[in-house]
Structures are given as structure tokens and as C-alpha cells.
Amino acid sequence: MRLVTCHVENFGKLSDLTVSFTDPSGIQLFCEENGWGKSTLAAFIKVMFFGFDNAGKRSEIDNERKRYKPWQGGVYGGQITFEAGGSTYLMSRVFGAKENQDEFVLRDADTLLESDDFSERIGEELFQIDSASFSRSIYISQLGCGTAATDSIGAKIGNLTEHTDDLNHYEMAEKKITDRLNALSETRKTGLLYKQKGQIAQYEQEIKNGEALDASMEELVRLKESLRRSCAERKEEQGVLSNRLKAASEKKDLAVQHNEYRHLCETVSGKKRVWQQKRAFFPGRIPAVEEIDRCLQAADQLVGVEKEREIYQFDDEEEREWKSLERTFTSGVPGLHEIEEYHRKIGEAQAAKPTGNKLFLAAGAVLAAAGAALCFVMLAAGLICLLAGAAAAVMGFVRKKNPPYVAQVAEEVRAFLETYGMSGRGGEEADLYAYGNALRTLEGTLARYEQLGEKRRKYEAASRSYQEGAGAVRAFLSGLGMEAEPDLRLQLQTVKEALRDYLHAGEEYKKAVEAKDQFADGIENLEAVRNAGGANASELNDSGADASRENASEANAYRVNENESLTEIQNRLRLISEELEGIQRNQMAYDRQLEQLQEKRDAIAESEGQLAQLREQFLQNRKKRDILKQTGHYLEQAKAALTAKYTKPLKEGFDKYFAILTGTAADPYELDANLELAVTEQGMPRKIGLFSTGYQDMMGICLRMAFVDAMYPGEKPFLIFDDPFVNLDDRKTEGSLRFLREIAREYQIIYFTCREGRGNVNGFAE
């Protein structure tokens with residue numbers, strides 16, 4: 001069974017990759033740097049035969065279909081050409097988003113006709129193991145060197161003893177037995193026996209508690225009878241007190257109404273006094289809230305205006321500078337156009353002044369020099385240049401006359417500058433230059449004057465705005481009869497709060513009058529109510545004048561008789577009513593308790609029958625559990641006896657490969673009936689998981705090869721080694737390369753590595 005070629009159309013990061021497995025040594029080496037796609041290519045070979053693992057996982061790392069989805073898009077899949085059973089096949093797969101979208105085609109490589117020798121489950125049919133067993137035997141990755149005998153591996157090895165079906169179904173039978181034992185468990189909370197045991201204890205406790213139910217029910221009946229008698233006594237007393245209260249109320253109605261009416265009148269009087277006190281805050285008229293709000297808004301604006309005044313107000317230095325500038329421009333402020341005009345005249349005057357023509361002098365010198373040189377070559381041309389140079393020199397010494405216009409301009413500028421206290425230096429030519437500088441100084445002075453003038457105008461405008469706003473607020477306060485205070489906004493806020501208090505007091509006074517009038521409208525004989533307390537009726541007028549506190553006290557102290565007040569009767573009736581409500585609640589509670597106890601009492605009789613039935617079910621389920629335990633034990637013994645028959649050849653295979661890999665004997669290593677390795681160290685068997693990663697990888701690789709030898713005694717499969725020696729030290733790495741050369745005698749090796757030292761298969765001596 002050999003791979004011939006492989007073409008990856010798109011798989012993970014690999015795209016349009018073709019590989020031939022034709023190395024005559026039997027080892028097809030892929031020594032590439034990290035990130036090339038070695039593990040991806042190894043996974044591609046496995047997936048082509050077995051399909052994707054973990055298709056139901058959501059994670060892209062665990063779900064192989066998602067993990068190896070082409071990075072660059074395109075057709076997802078490829079082809080593999082392989083030999084098996086004397087025939088050569090071309091297998092093609094195209095993968096979709098789901099398994100039902102996959103496409104599989106198998107063709108005879110010689111005829112290119114479709115073949116039905118294998119189905120899309122070609123891996124299981126060809127290797128006679130499932131995908132997980134393939135990854136634990138034939139496919140060895142650098143992160144998965146360890147192995148364990150799966151049922152599929154055991155069944156394949158078991159072909160030697162013709163017990164394939166038994167081993168194929170052992171794991172399923174063992175799982176069913178374990179699940180059933182967990183379901184029947186007596187110690188697990190979810191176990192049936194555990195639940196039944198709890199129900200039995202609950203029933204037994206209920207039956208035991210049933211003896212105390214009768215006593216409790218009798219006590220409740222006695223308490224109910226006591227409550228019934230108390231209820232009758234309270235109702236009788238309640239009737240007597242109700243009659244007495246009715247008689248007393250009829251005599252007291254007038255006094256109570258008098259007291260209530262007096263209280264309402266006193267409230268009206270008090271509210272009116274408060275209202276009048278709040279009104280006294282305003283010497284003049286009462287303003288509207290909107291007026292105050294408008295003034296407050298104006299006061300807020302005054303704050304901004306005041307800040308603007310502070311910004312534009314001159315400091316001492318600016319004030320002195322401003323006064324100096326005012327003196328400068330006492331005769332008037334010049335316009336920029338005047339200064340510009342004088343600048344223009346100075347420019348014209350300077351252009352009209354006489355100067356030597358240096359250009360002609362320079363040209364004459366050049367022509368003279370050229371003529372002298374030419375005289376030695378061409379005499380006529382040299383003489384002409386000399387004459388031209390002489391003429392140019394003469395013209396250069398000619399000077400223009402000084403026109404009277406220059407003096408006139410100088411005099412005009414001087415007179416203009418003296419108007420503003422400025423003048424130039426002596427001498428005509430120096431005056432024009434000095435006058436130009438003086439004009440520029442005047443321009444700067446004028447700009448500063450206008451700048452300060454603009455600031456002074458803004459200050460004066462802000463001052464006027466402040467005075468106007470403050471004047472309006474002061475006029476408003478004066479209209480209310482109030483003197484304006486320094487902090488106008490604070491004063492307005494105080495006025496607004498006083499107005500709010502005044503309006504609120506007025507509303508309270510109005511409500512008090514309405515309440516008194518409403519009460520009076522409901523009384524048939526208002527005059528009798530006014531006179532009931534012995535006070536003069538004129539004291540209880542509509543204005544709510546103060547009434548005598550002594551008369552009010554006499555009304556409140558009204559008694560039905562010498563010993564008992566109306567309030568005391570009412571309090572006693574209230575107390576009796578509360579006691580009756582409490583008795584009723586207690587009676588209802590006792591009824592509920594009696595009902596519950598009766599239900600429990602009825603349930604006890606039913607529980608006794610259910611307890612007997614439940615105990616019988618418990619014993620039957622316990623017996624089932626014991627039988628399942630024995631079955632699992634015997635099944636395990638049967639498997640151990642069966643696997644023990646091929647433990648010896650597996651151990652011999654392990655010893656052989658261990659000696660090749662390490663150069664030492666595997667005497668300390670033992671293989672039990674479950675095909676698990678142990679190492680004897682310090683007189684005790686130790687699990688291989690206690691050793692270093694390198695040792696675990698080394699033992700796992702040797703055991704895998706022992707499995708493969710036992711699984712495939714005839715036609716040998718190819719083997720995939722995805723850099724499994726990465727954790728071995730240098731000495732054992734040498735042994736691993738000898739190991740590869742040895743197994744390549746029988747197997748085709750597909751070997752992936754990223755290190756040249758681990759890929760130099762032929763680099764060490766035999």
C-alpha cells in the first residue's frame with residue numbers, strides 16, 4: 001500500500017501543490033521551514049482517506065473542515081494516486097461547507113474509469129480502522145506521539161485470533177454497562193437507587209411522625225374553642241360600647257363641630273397674618289414674576305457688559321500714551337492718503353536728483369580693454385573699440401542738473417511734518433531720506449492712535465450700555481418703592497423669592513377660607529355651632545379672628561360622664577376591633593394547620609402502601625446493579641484474556657523498535673493486557689506519563705510501530721511522520737534516523753521535519 005502522487009488544489013494555506021512519493025529509499029522527506037505547510041499536507045493525506053474530524057465543533061481550531069478551509073478561496077480539495085492490492089487508483093475529493101456537499105470519485109489510474117472497489121469511506125475500508133485509530137497508529141504527529149489501543153486497533157490486531165466482532169463491540173458494551181450502572185447508582189445523586197433510598201427514608205420518617213399528628217390536631221381543636229369563646233366575649237363588649245358611644249356622640253356633636261369650626265377660623269386668621277406679613281415686603285406695587293425675570297436677565301447681561309468694560313479700560317501706561325497722542329494730533333488727524341502722497345513725491349524727487357552714469361563708465365572700460373587686445377590681431381577693429389570705449393567713458397562723467405522740484409518737495413514735506421512735531425535733518429539729500437523715515441514714524445503713530453481710539457470707543461460704548469441697563473433695573477426697583485443696592489442681581493433674586501413667598505401665602509390663605517366655608521355649608525345650624533363652646537358668636541366671623549384658647553380647651557375636654565371620655569370609648573372599641581381581627585386570623589391559621597395535618601394524616605396511610613412497593617423495587621434494582629457489575633467484571637476479564645494472546649508479539653515488536661531507536665534493551669518496560677505500557681523503576685512499575693516528554697514520545701513511537709506490525713502482517717501501509725522526534729535529544733535523534741531507515745525496508749515513510757539534523761536520514765553511519 002503506497003502513495004504515488006498527491007495534488008493539493010486548495011487546502012488551508014496550500015494551493016496548486018503537486019508532490020511525487022517516488023524516493024527509492026522508501027523515505028519521502030519534506031524538510032521545510034516553519035510555516036511552509038508540512039502539517040497541513042499531512043492532514044490533507046489523512047482527510048482524503050477519512051474525511052474531516054470534529055465536524056460538529058464550532059471552534060475553527062477543533063473543526064477540521066473550518067480549520068483547513070482554503071485561505072485564498074477556490075476549489076476545496078485535491079487528488080491522491082496510490083497503490084493497494086496490486087492496483088493503482090486515483091482518488092479525488094471536493095469539499096463543501098457541509099459533509100453532504102462533499103464530492104468523491106475513485107478511478108482506476110490505468111484506465112481512468114470509475115472504480116467501485118472502495119466507497120467514500122475508503123480509509124476505513126482500506127486500512128480496516130477508523131479515523132481516530134489511524135491517528136494513533138499510522139499517522140504520527142509531533143504533538144501526538146503517544147498512543148493507546150482503541151477498539152478499532154484491538155479488532156485489527158485481533159484478526160490474528162479471529163475475535164474481531166467481540167473487540168469491535170467491547171467499547172460499546174462497556175459504555176452501556178457503565179451508563180446503566182451510573183443510572184442505578186446508590187451513591188450518585190442522579191442514581192435511581194440513591195433517589196429510591198431517599199424516598200424510602202422520607203416515607204419511614206413520615207410514618208414515624210404520624211403518631212404525633214393526632215396530639216397536634218387535638219391541641220389545635222382546643223385552641224380553636226378557646227378563640228371562639230374569646231371572640232364571643234369581645235363582640236358582647238363591643239355591642240355595649242357601641243351603644244354608649246352612640247349616646248355620647250349625639251351629645252358631643254355640637255362641641256366637636258364647634259371645635260372644628262374654631263380651628264378652621266384660627267387657621268384662616270393665621271394664614272391671613274402670614275399673607276399680610278409677606279405683603280409688607282413690598283412698599284409699593286406688587287410686581288409680576290415676568291417683570292422680575294426680565295430684570296434678572298438684564299442683570300445677567302450687565303455682568304457680561306461689566307467684563308467688557310474691564311477688558312477695554314485703559315491702564316495707566318495706555319492713559320499716558322493716549323494723552324500724548326492727543327497732544328500730537330491737536331491740529332487734526334492726517335489721512336493715510338496724505339502720507340502716501342508725500343511718500344510718492346519724495347520718491348519722484350529722489351529719482352530727479354543728479355547721479356554719475358556708472359553703466360557708461362563700465363562699458364567704456366570694457367571696450368577700451370577689448371580694443372587694446374584686438375590691436376595685436378586686427379588693427380582696424382581694435383582702433384574702433386578704443387574710440388567707442390573713450391566715448392562711453394565721456395558720457396559716464398556727464399551729470400544731470402539738479403532741478404528746483406527737489407527743493408520744493410523737501411519744503412512741503414518739512415512743513416507737513418512740523419504740523420505734528422516732526423522734522424528731517426539738514427541738507428537736501430539727507431532731508432529727503434530723513435523725511436521718508438519721519439513719514440513712516442508718523443504712520444506708526446497714527447496707527448497706534450487709531451488702535452487706542454478704537455479701544456476707548458468700545459469702553460465708552462460698554463459704559464453707556466451698562467449705565468442704560470443698570471438704570472432700567474434701578475427704575476424698576478424704584479417703581480416698587482425700593483432703594484437700589486450695589487448688587488442688583490442679588491437684590492432682584494431676593495425680590496423674586498419674596499414675591500414667591502407672598503403668592504404662596506395668598507394661595508394658602510385662599511385654601512383656608514375655602515375649607516372654612518365648605519365646612520360651614522355642611523352645617524345645618526351654624527349659629528348653634530358658633531355658640532356651643534360658650535364663646536361669643538362674633539368672635540367666629542368670616543375673617544377668622546382669634547378665638548379664646550380656654551374655650552377650645554373646654555370643648556376638647558368635654559366628657560360623657562365623670563369617669564369616661566369619648567376618646568377612651570373610641571380607643572377601647574378600636575382595640576376590641578383589632579383583637580377580633582387577630583382572633584379571626586388565628587382561627588384561619590388553625591383551620592389551615594388542621595387541614596394540612598389532615599392531609600398528612602391521609603397521606604400516611606397511602607405512604608405505608610407505597611413504602612412496601614418502593615422497598616421491593618429498591619431490592620430488585622440493587623440486584624440488577626450487582627448483576628451489571630459482575631457482567632462488566634467478566635467482560636473485562638474476557639477482553640484481558642483475549643488481548644493477552646497477542647500481548648507477547650506486541651511486546652516483542654516494541655522491544656525490537658526500542659532497541660533500534662535507543663540502542664538499549666527494553667527489559668524495564670511491560671505491556672499489560674489492556675495494551676498499556678509501564679516502566680519498572682526503583683522496584684515499582686511507573687506509568688509512562690511520569691516520564692519526560694521525550695521519553696513518552698520515544699515509547700509511544702515504538703508502541704505504535706508494534707501495533708502497525710501486528711495490524712498489517714501482509715501488505716504494509718504507508719506511514720506519516722510529522723516531525724515526531726522534535727522532543728528527543730541529540731543521541732536519540734541519531735537513533736531515530738536509524739529507526740527510520742530500518743522501518744523504510746518494509747514501509748513507505750512520509751517524513752516531515754523543519755530541521756536538517758532531523759532530516760538527514762542518510763547522514764549517520766549504519
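Helix α21 (residues 693-711) has 19 residues, which at 1.5 Å a residue should span 27 Å, and its end C-alpha atoms lie 26 Å apart, which agrees; the expected span is 1.5 Å times one less than the number of residues. This is a predicted model, in which local features need pLDDT of at least 70 and side-chain atom pairs count only at pLDDT 80 or more, while totals for chains, interfaces and linings use all residues. Residues are numbered from 1 along each chain as its sequence is written, and side-chain values use heavy atoms, with hydrogens and water left out. Helices (H or I, at least four residues) and strands (E, at least two) are DSSP runs, numbered from the N terminus. Of the 19 residues of α21, 16 are buried (under 20% relative accessible area, 1.4 Å probe, protein chains only).

An open sheet is formed by 5 strands in the order β2-β1-β4-β5-β6, with antiparallel pairing (two strands pair if DSSP finds at least two bridges between them). Because β2 (14-20) and β6 stand at the edges with a single partner strand each, one side of each is left without a neighbour in the sheet. Strand β5 (residues 87-94) pairs with β6 over 6 bridges, and Val-94 stands opposite Glu-103 in β6.

Strand β6 also contributes to the lining of the second largest pocket, as each element below supplies at least two of its residues.

| Element | Residues |
|---|---|
| α1 | 38-50 |
| β6 | 103-108 |
| α3 | 122-127 |

The lining residues of this second largest pocket divide into 6 nonpolar, 2 polar and 8 charged (Ala, Val, Leu, Ile, Met, Phe, Trp, Tyr, Cys and Pro count as nonpolar, Asp, Glu, Lys and Arg as charged, and the others, Gly among them, as polar).

Key. Buried means under 20% relative accessible area, exposed over 50%, partly exposed in between (1.4 Å probe, protein chains only).
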